[in-house]
Amino acid sequence: MKPLHKYPLLILSMFLLLFTVNVQAQDDKVDKKANELVRAYQAEVGLTIEQATEFQKAIKHYLIKRKEVKVMDASAQDKTSMLKDVSDMENKAMVAILDAKQMKAYKKLKKELQPM
């Protein structure tokens, strides 16, 4: 039997397959969490169909950002500060999607559903 280092393409292919499966599993988790949050916000915020689509995209985007911050090699204090920044950016993104009344309900519920 030949050593694996004689098969660099096989090793690369195996690595890419494992990486792809891992990324897809993580993406599925983010999608599931984003959908759960949209359903939770829906009743209180009163999203239209059009808003729900944009809202879900924004929620997913900022869930990914939070996840990136949490795995960073940084101090707890720096991570907390960055997570606050991400939360503030999410609020600004939601201003473009929600009206004033919906925004008020969103901010109130966000403290419960998405605590830092």
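Trainee: At roughly what angle do the axes of helix 2 and helix 3 cross?
Mentor: This is a predicted model, where local features need pLDDT of at least 70, side-chain atom pairs count only at pLDDT 80 or more, and totals for chains, interfaces and linings use all residues. Residues are numbered from 1 along each chain as its sequence is written, and side-chain values use heavy atoms, with hydrogens and water left out. Axes are lines fitted to C-alpha atoms, for helices over the stretch in contact, and angles run from 0 to 180 degrees between N-to-C directions. The axes of helix 2 (residues 49–70) and helix 3 (residues 76–95) come within 10 Å, and the crossing angle is roughly 170 degrees.

Trainee: Is helix 2 roughly parallel or roughly antiparallel to helix 3?
Mentor: Angles under 35 degrees count as roughly parallel, over 145 as roughly antiparallel, 65 to 115 as roughly perpendicular and the rest as oblique. The crossing at roughly 170 degrees therefore makes the pair roughly antiparallel.

Trainee: Which residues of helix 3 make the contact with helix 2?
Mentor: Contact means heavy atoms within 4.5 Å. Helix 2 supplies F55, A58, I59, Y62, K65, R66, V69 and K70. Helix 3 answers with K79, M82, L83, V86, S87, M89, E90, A93 and M94.

Trainee: How many nonpolar residues are in that contact of helix 2 with helix 3?
Mentor: Ala, Val, Leu, Ile, Met, Phe, Trp, Tyr, Cys and Pro count as nonpolar, Asp, Glu, Lys and Arg as charged, and the others, Gly among them, as polar. The contact has 1 polar and 5 charged residues. The nonpolar residues number 11.

Trainee: How many helices does the protein have?
Mentor: Helices (H or I, at least four residues) and strands (E, at least two) are DSSP runs, numbered from the N terminus. The pattern along the sequence is α-α-α-α. There are 0 strands, and the helices number 4.

Trainee: What does helix 2 reach from its first C-alpha to its last?
Mentor: Helix 2 has 22 residues. The expected span is 1.5 Å times one less than the number of residues.

Trainee: Is S87 buried or exposed?
Mentor: Buried means under 20% relative accessible area, exposed over 50%, partly exposed in between (1.4 Å probe, protein chains only). S87 sits in helix 3. Leaving out residues up to four places away in sequence, S87 touches R66, K110 and M116. Its relative accessibility is 11%, so S87 is buried.

Trainee: How far apart in space are K84 and R66, C-alpha to C-alpha?
Mentor: K84 is in helix 3 and is partly exposed, at 42% relative accessibility. K84 and R66 are 18 residues apart in sequence. Their C-alpha separation is 9.5 Å.
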